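Hello,

Here is the structure for you to look at. My notes on it follow below.

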Amino acid sequence: MAEHGVAITREVSEALGSCELTHVQRTSLNVAAARAQHCMYEHALTEAGFEVVRLAAAPDMPDSVFVEDIALIFPDLAVITRPGALSRRIEVPAIADALRPYRPLQYIQSPGTMDGGDVLTTAGVVFVGRSTRTNTEAIDELSRLLAPHNRQVREVDVNGCLHLKSAATDVADGVLLINPRFVAPSSFREFDLIEVDPLEPLAANALRLGDALVVADAYPRTRDRLVKAGLKVYSLDMSELAKAEGGVTCCSLLIPTA
Ligand code: CIR
């Protein structure tokens, strides 16, 4: 195991162009370019001290690269989701198999639906976005699963974007990057908040890797705000994956070394 742990990733499917889309217009998508960007993303994970374990995809899994949606990793268990999009449930078995060596598994059950992109885990609270993908039944079930592990689940409404983590991510201890038009800042009273630049509504998705952040290079104004806040920030070209409504958090499942 590398210094900081294992990062599960999954190949970009040749069918990426047929992915699910909710708030993004379908435009022509170059799978080779998406794969090249994904390789650079994996390289950033390796540089940050993670051992990358890349799973294979298949032509019937257009969204397979977005592994974050299929599981939630906690120190003492992993929760396998029941993705909100029917087309994505086929992605579940291989992710469960990949995680089984590292954590005991629990499952979100029907009628619950949940995408991992809706789950923002902070030191104190697990925030879960109620969205087109994640319903109240799944949020209640997650509360039950996490209660024995002393983790409090708090539901928040998400509007105008796909997932909670399109609207808010943690960028440092006690600090969130948010778009207040997608999620109410009052949900996060105990945090310091950095707002995205209003010209960059989709910039709130940042991946925390140790003491550094990875962001998409499409949002330079928001990046400046993060740098001014004293954070170490690396930018990646994620433009082809963004056409599939994906961001930087959704392409990995991080299993930190204990
Ligand atoms: C979907 O709609 O499910 C994919 N096209 C994009 C998923 C992105 N996942 C994420 O941000 N956690």
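Among contacts (heavy atoms within 4.5 Å) in the chain between residues at least 6 apart in sequence, 68% link residues at least 24 apart. The model is predicted, so local features need pLDDT of at least 70 and side-chain atom pairs count only at pLDDT 80 or more, while totals for chains, interfaces and linings use all residues. Residues are numbered from 1 along each chain as its sequence is written, and side-chain values use heavy atoms, with hydrogens and water left out.

The chain has six helices and 15 strands (DSSP runs numbered from the N terminus: H or I of at least four residues for helices, E of at least two for strands). Its radius of gyration is 17 Å, close to the 18 Å that the globule rule gives for 258 residues, so the chain is as compact as a globular protein of that length. That radius is taken over C-alpha atoms, and the rule is 2.2 Å times the number of residues to the power 0.38. Of the 258 residues, 54% are buried (under 20% relative accessible area; exposed means over 50% and partly exposed lies in between, with a 1.4 Å probe and protein chains only).

Two pockets come next. A pocket is an open set of points on a 1 Å grid over the protein atoms alone, where a 1.4 Å probe fits, with protein on both sides within 12 Å along at least five of seven lines; lining residues have an atom within 4 Å of a point.

The largest pocket is lined by 38 residues, and Ile73, Thr121, Asp170, Leu254 and Pro256 lie nearest its centre. Elements giving two or more residues to this lining are strand 3 (71-73), strand 6 (119-121), strand 9 (168-172), strand 12 (207-209) and strand 15 (253-256).

The second largest pocket has 27 lining residues, with Ser166, Leu202, Glu245, Gly246 and Gly247 nearest its centre. Helix 4 (164-167) and helix 6 (239-242) each supply at least two residues of that lining.

Some backbone details remain. Most residues other than glycine have a negative phi, and most peptide bonds are trans. Glu245 has a positive phi near 70°; this residue sits in the loop between helix 6 and strand 15 and is buried, with a relative accessible area of 17%. Asn150 also has a positive phi, of about 55°, but is exposed at 73%, in the loop between helix 3 (136-146) and strand 8 (152-157). The peptide bond from Ser110 to Pro111 is cis, with omega near 10°, and Pro111 lies in the loop between strand 5 (105-107) and strand 6.

Regards
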